[in-house]
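Me: Could we go through the salt bridges of this model together?

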Amino acid sequence: MTNAYKIAVLPGDAIGPEIMSQAVRVFKLLESKRDFSFELISAPFGAQAYFEEGKAFPDSTKAICDEADAILKGPVGLSHEASQKIPVEEQPERGAILPLRARYNTFANFRPIFLSSNMAHFSPLKPEIIKEGVDILLIRELVGGLYFGEKHRGVNESGQRFVKEALEYTEEQVRQVLVVAFEQARARKKRLHNIHKSNVLMSSVFWNEILTEVHREYEDIEVVHLLVDAAATALCLNPSQFDVMVMENMFGDILSDQGGGILGSLGLMPSACIGPNKAYYEPSHGSAPDIAGQNVANPYSMIGSVAMMLEMSFNMHEESRLVWEAMKNVFESGYSTADLSKSSDDITIVSTDRFGDLVMANLAELL
Ligand code: NAD
C-alpha cells in the first residue's frame with residue numbers, strides 16, 4: 001500500500017521560490033523510487049500574499065496548512081525599504097511567521113549547525129579551530145519570550161513617547177522545550193549547554209529554576225551553564241565544545257545566525273519547528289532580497305529542511321540520511337554555490353538550479 005502524505009508548500013518571498021523549486025524535487029524523486037506519494041499544495045504566505053490577497057497569512061493558506069501532514073515554508077520578507085509599503089501588522093514576521101508558530105504551537109525549533117571536516121574550508125574560522133568540522137544542535141524556544149509578549153506604545157506624563165514589550169514565559173512553556181533538549185542530549189553526547197542571562201534577567205533565573213527541576217529526570221546528562229554573551233564568543237573561539245544547546249526565543253534567533261556565520265553562510269542553515277500536533281520546516285535565514293532573482297542562492301538550507309521533514313514528520317530515516325549524503329557528495333566533489341566559495345582550480349561555482357540538478361542526480365543514484 002502506498003504511503004500518502006499531504007504537504008503544504010509556502011514558497012515565500014525573494015529567493016524563497018527559487019530555492020523551494022529545488023527542494024520539492026526531492027519529493028518527486030522519492031515518489032519515483034519508493035512506495036510513497038506526496039501531494040504538494042502550494043499556498044501564498046508572506047509579503048507576496050499580502051500584495052495579492054491583503055493578508056500575509058490568508059485564511060485559504062491557513063486551511064491548507066490545517067489539512068497538511070507537514071508544512072514546508074520558504075523564507076519570507078522584503079528589504080527594509082520595500083517592507084515600508086506593508087502596514088506594520090501585516091509585515092511578514094508579525095503578519096505571517098509569528099501567527100504560523102502560534103497556530104501550531106511549534107515550541108521547539110531545531111537548528112543544526114553542521115559542517116563536515118571535508119567542508120571545513122567553507123568556514124571563515126581558522127583551520128586550527130574548525131578543521132574537524134562542527135556538529136551542534138541548537139534548540140530555540142519558538143513561541144514564547146519577548147517575541148510573543150505583550151507590546152505597548154504610549155506617551156508618558158512628561159510627554160515622552162515610550163515603548164514596552166514583555167518577556168513572558170509560563171513554567172510549562174519552559175519545561176516542554178527543556179524536555180526536548182534533554183532528550184536530544186541523551187540521544188547524542190549527553191551534554192547540554194544551557195544558554196541564559198541570569199545575571200541580569202529574571203526570566204533567565206526562572207528558566208534555570210525549571211531546568212534544575214527537569215534535570216532531576218535526566219541525571220545522566222551533564223549541564224553546562226553559559227551566559228549568552230559568553231556563548232557568542234565561545235561559538236567563534238571553540239565551537240566544538242558544543243553539542244546540544246538550548247535557549248529562549250530571541251537568544252536562539254541571534255545565536256543561530258551566528259552559527260550560519262561560523263559555517264560560512266546562512267545558506268547552510270535548515271531548521272525544523274516542532275509542535276505537539278504539527279511541524280513546519282524552513283531555512284533559518286531570511287529571504288535574501290540582495291540576491292533574489294539571480295539564480296545564485298544556496299538551496300542547501302531548503303533541501304535540508306526537506307531532509308528534516310522526512311526524518312522528523314514521516315520517520316523516513318534512511319531517505320533523510322541519503323538527502324544529506326547527496327548534498328555532501330556534491331560539495332565534496334568540488335562544487336559550491338557563490339555564497340560559500342570563490343571559483344578556483346579546485347572549486348566550480350554553480351547556480352541554484354545547477355546545484356539542485358547535481359543533488360538530484362546524486363540522490364537518484366543513492367536511492
Ligand atoms: P537574510 O537571512 O535574508 O540575509 C542575510 C545574508 O545572508 C544576505 O547577505 C543574504 O544574501 C545571505 N543569505 C541568506 N540566505 C542565503 C542563501 N540561501 N544563499 C546564499 N546567501 C544567503 O537576512 P536579512 O537580509 O536581514 O533579511 C531579509 C528579509 O528576510 C527581511 O524581510 C527579514 O525580516 C526576513 N527574514 C525572514 C525569516 C524567515 O522567513 N524565517 C528569517 C529571518 C529574516
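**Salt bridges**

Reply: A search of the whole structure finds 20 salt bridges, each being a side-chain nitrogen of Lys or Arg within 4 Å of a carboxyl oxygen of Asp or Glu. This is a predicted model, in which local features need pLDDT of at least 70, side-chain atom pairs count only at pLDDT 80 or more, and totals for chains, interfaces and linings use all residues. Residues are numbered from 1 along each chain as its sequence is written, and side-chain values use heavy atoms, with hydrogens and water left out.

Me: What does K73 pair with, and where are the two residues?

Reply: K73 forms a salt bridge with E282, at 2.6 Å from N to O. The two are 209 residues apart and link distant parts of the chain: K73 is in strand β3 (residues 70–73), and E282 is in the loop between β12 (279–281) and α12 (300–312). Helices (H or I, at least four residues) and strands (E, at least two) are DSSP runs, numbered from the N terminus.

Me: Is K73 buried or exposed?

Reply: K73 counts as buried, at 1% relative accessibility, and E282 is buried as well, at 3%. Buried means under 20% relative accessible area, exposed over 50%, and partly exposed in between (1.4 Å probe, protein chains only).

Me: Turning to helix α13, how far apart are R321 and E325 in it?

Reply: R321 and E325 are four residues apart in helix α13 (residues 317–332), so about one helical turn separates them. Their salt bridge is 2.9 Å, N to O. R321 is partly exposed at 41%, and E325 is partly exposed at 25%.

Me: Which residues form a network?

Reply: Salt bridges link E171, E172, R175 and E213 in a network.
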